Amino acid sequence: MTKLIEYEQASDEVRAVYDDIRATRQNDYINNFWKAIANHPPTLQRTWQAVKEVMSSPGEIDPLMRELIYIAVSATNGCEYCIASHTASARAKGMNDTMFGELMAIAATANMTNRLANGYQIPVDEQFKT
């Protein structure tokens, strides 16, 4: 298992990212994902900036929907950590058990039909092309 870098043992570069995570999320908690990738500060910085921009910037997709999308992709990729952390975040933003069930049904159905379409090598209908 990767060593987790706690704030007290972190370099100034890592502490700056941790401080930005805390400020952006408006709490003091730094989760294990960030503590693990802090073993390579450039990856920590680059990854945090990407996540911060995509998940926190203003846009047409609301914060709960962003979390739901993240959960669906994480479930498809089999990432237990991301499923757990983004499910917790989605619940904090209003997701309930029924929504989670619907989300999993959609993700599972999409995975099934994607595999069928790929397996059958189905040509895309002209009216669907943009």
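Predicted model: local features only at pLDDT ≥ 70, side-chain atom pairs only at ≥ 80, totals over all residues.

User: Happy to start with helix α3. Which of the residues of α3 are buried, and why do they line one face of the helix?

Analyst: Good place to begin. Helix α3 covers residues 41–56 and reaches 21 Å from its first C-alpha to its last, close to the 22 Å expected. Looking down the axis of α3, the buried residues fall within an arc of 95°, so they line one face of the helix. Those buried residues are P41, L44, W48, V51 and M55.

User: And what is exposed on the other side of α3?

Analyst: The buried residues of α3 have cover that includes α1, α2, α4 and α5. On the other side of α3, the exposed residues are R46, E53 and V54.

User: How do α3 and α4 pack: what is the angle, and what does that make α3 relative to α4?

Analyst: Where these two helices meet, V51, E53, V54, M55 and S56 of α3 are in contact with R66, E67 and Y70 of α4. The axes are 9 Å apart and the angle is about 125°. Angles of 65 to 115 degrees would be roughly perpendicular and those over 145 roughly antiparallel. That makes α3, relative to α4, oblique.

User: I'm curious about H86. Is H86 buried or exposed?

Analyst: H86 sits in helix α5. Leaving out residues up to four places away in sequence, H86 touches M55, E67, Y70 and I71. The cut-off for a buried residue is under 20% relative accessible area. Because its relative accessibility is 12%, H86 counts as buried.

User: Now for α6. Which helix do the buried residues of α6 pack against?

Analyst: Helix α6 has 24 residues and reaches 35 Å from its first C-alpha to its last, close to the 34 Å expected. Its buried residues are L103, A107 and N111. The helix that these buried residues of α6 pack against is α4.

User: What is the handedness of the crossing where α4 passes α6?

Analyst: α4 and α6 pack at an angle of about 50°, with their axes 10 Å apart. That makes α4 oblique to α6. The contact is made by L64, L68, I71, A72, A75 and T76 of α4, together with M99, F100, L103, M104, A107 and N111 of α6. As for the handedness, the crossing of α4 past α6 is right-handed.

How values were computed:
Residues numbered from 1 in each chain as written. Heavy atoms only, no water. Helix = DSSP H or I, 4+ residues; strand = E, 2+ residues; numbered from the N terminus. Expected span 1.5 Å × (residues − 1). Buried < 20%, exposed > 50% of the residue type's maximum accessible area, 1.4 Å probe, protein only. Arc of directions from axis to C-beta. Contact = heavy atoms within 4.5 Å. Axes fitted to C-alpha atoms, helices over the stretch in contact; angles between N-to-C directions. Parallel < 35°, antiparallel > 145°, perpendicular 65-115°, else oblique. Left-handed = near helix turned anticlockwise from the far one by under 90°.
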